[in-house]
Amino acid sequence: MSTPKNHASQGETATSTKQRVRDTSRLLNQLLTSRPAYSEQWLRHAKRTGGHVNQSAIAKVFDVYMFDSGEGDFPSSRVLKDRISRALSGAVLTPQTLNWFIEAFDMPESDAVRLRETLNGRTLLAPGISHTLRTQTELAHPQRHRTISLMERYVFGPAGNLRTRHTRQMIRAAEDGVESYIFNHEPEVQAIDVLQGGRLGRRFEYGKGLKGVEIVLETPLNASQVTALEYDATFRDGLTSPTQVRRAAYARAEQFSLTVQFSELCKPREAWWCVWDDHFARRPLEEQPVNLRQNSLVHFLPYFEQAVVGFRWGW
């Protein structure tokens with residue numbers, strides 16, 4: 001009786017391994033095409049683009065990484081291209097090959113953790129969150145775009161002070177003539193620098209205390225056209241140590257990654273991932289405990305809309 005059970009167990013393990021590789025490959029392809037920080041690296045080496053990852057261009061990125069890092073255990077060019085092809089097709093993806101992707105594209109901890117945990121089978125895709133807001137929020141302008149990828153990183157200093165908020169995102173126009181994007185930010189922001197995609201425009205205050213600034217796009221978008229934005233917010237010195245960060249989405253935002261990075265000298269003793277029903281609500285609608293990963297809080301959502309999400313913690 002024990003032999004059939006053992007065979008079944010081995011079959012289940014093999015199937016599970018293949019599924020983890022396919023899931024990781026799918027996530028890797030998604031990141032390489034949707035994150036401007038990655039796609040720009042391989043696109044500069046691509047002779048043709050068709051909306052999919054160009055494997056030869058990926059190999060060029062690996063060559064640059066190998067030369068700059070002095071990595072000595074890379075395989076030959078032919079073998080390397082074969083491993084890249086197998087990884088991106090979901091046929092074979094080893095931890096070593098995945099580490100090469102992470103290092104060659106200089107991926108932040110948030111994306112590296114998602115990829116490694118997916119390959120190891122230690123995580124399931126978090127569900128999206130939608131329509132938790134109890135009232136309709138007044139906006140500075142009607143929202144005429146959709147966010148198709150969004151990555152935010154908050155950085156805290158050694159005294160527990162909030163220093164910077166860095167944002168990378170891609171937006172798609174929902175109609176013709178989209179000329180600007182409104183960045184909603186904390187009142188304590190001292191300066192905003194647009195690094196890619198536009199320039200600063202008018203400032204707004206609306207929604208019973210929300211503050212925002214217009215980012216005028218370099219080129220107006222027509223329906224379905226896409227552009228990338230990257231910008232930094234710097235906070236005033238001398239602020240009391242915050243104990244939470246929040247991000248709201250009124251229209252749908254996809255591929256959302258939120259990271260809060262702390263100093264080794266000042267880390268939270270406990271923390272929670274939260275969902276609120278209003279941007280200024282005191283108590284979360286939902287919350288779940290989370291652990292620090294290398295001095296950072298990290299969470300990913302495939303999408304959220306009409307919701308406010310983020311982290312809170314205790315020092």
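Two strands are taken to pair if DSSP finds at least two bridges between them. Helices (H or I, at least four residues) and strands (E, at least two) are DSSP runs, numbered from the N terminus. The model is a predicted one, in which local features need pLDDT of at least 70 and side-chain atom pairs count only at pLDDT 80 or more, while totals for chains, interfaces and linings use all residues. Residues are numbered from 1 along each chain as its sequence is written, and side-chain values use heavy atoms, with hydrogens and water left out.

**The chain as a whole**

- The chain has six helices and 14 strands.
- Of the 315 residues in the chain, 46% are buried, where buried means under 20% relative accessible area, exposed means over 50%, and partly exposed lies in between (1.4 Å probe, protein chains only).
- The accessible surface of the chain comes to about 16600 Å², and 47% of this belongs to carbon and sulfur atoms; accessible areas come from the Shrake-Rupley method with a 1.4 Å probe, and for residues only the protein chains shown count as cover.
- Among the contacts in the chain with a separation of 6 or more, 73% are made by residues 24 or more positions apart, a contact being heavy atoms within 4.5 Å.

**The seven-stranded sheet**

- Seven strands form an open sheet with mixed pairing, in the order β1-β13-β10-β2-β3-β8-β5.
- The edges of this sheet are β1 (129-130) and β5 (189-196), each of which has a single partner strand, so one side of each is left without a neighbour in the sheet.
- Within the sheet, β3 and β8 pair in the antiparallel sense over nine bridges, and Q169 stands opposite L229 in β8.
- Helix α6 lies across β2 (145-156), β10 (253-261) and β13, and runs at about 115° to β10; axes are lines fitted to C-alpha atoms, for helices over the stretch in contact, and angles run from 0 to 180 degrees between N-to-C directions.

**The four-stranded sheet**

- A further open sheet has four strands in the order β9-β14-β11-β12, with antiparallel pairing.
- Its edge strands are β9 (244-249) and β12, each of which pairs on one side only.
- Neighbouring strands of this sheet are turned by 15° against each other on average, with direction ignored.
- Strand β11 (residues 270-276) is joined by seven bridges to strand β14 (residues 307-314), and the two run antiparallel; W272 has R312 in β14 as its bridge partner.

- In α5, the buried residues are T97, L98, W100, F101, I102 and A104.
- D106 lies in the loop between α5 (95-104) and α6 (109-120), and its phi is near 50°, a positive value in a residue other than glycine.
- Q294, found in the loop between β12 (286-290) and β13 (296-305), also has a positive phi near 50°.
- Most residues other than glycine have a negative phi.
- D106 counts as exposed because its relative accessibility is 66%, and Q294 is exposed with a relative accessible area of 65%.

**Salt bridges**

- The count comes to 15 salt bridges, a salt bridge being a side-chain nitrogen of Lys or Arg within 4 Å of a carboxyl oxygen of Asp or Glu.
- R293 forms a salt bridge with E117, with the closest N and O atoms 3.5 Å apart; the pair links distant parts of the chain, since R293 is in the loop between β12 and β13 and E117 is in helix α6, 176 residues apart.
- In this pair, R293 is partly exposed at 30% relative accessibility, whereas E117 is buried at 18%.
- R168 forms a salt bridge with E230, with the closest N and O atoms 3.3 Å apart; R168 lies in strand β3 (residues 162-173) and E230 in strand β8 (residues 226-235), so the pair ties together parts that are 62 residues apart in sequence.
- R168 is partly exposed, with a relative accessible area of 25%, and E230 counts as buried at 16% relative accessibility.
- The side chains of R252 and E254 meet in a salt bridge at 3.2 Å, N to O; R252 is partly exposed at 30%, and E254 is partly exposed at 29%.
- A network of salt bridges links E152, R165, E186 and R247.
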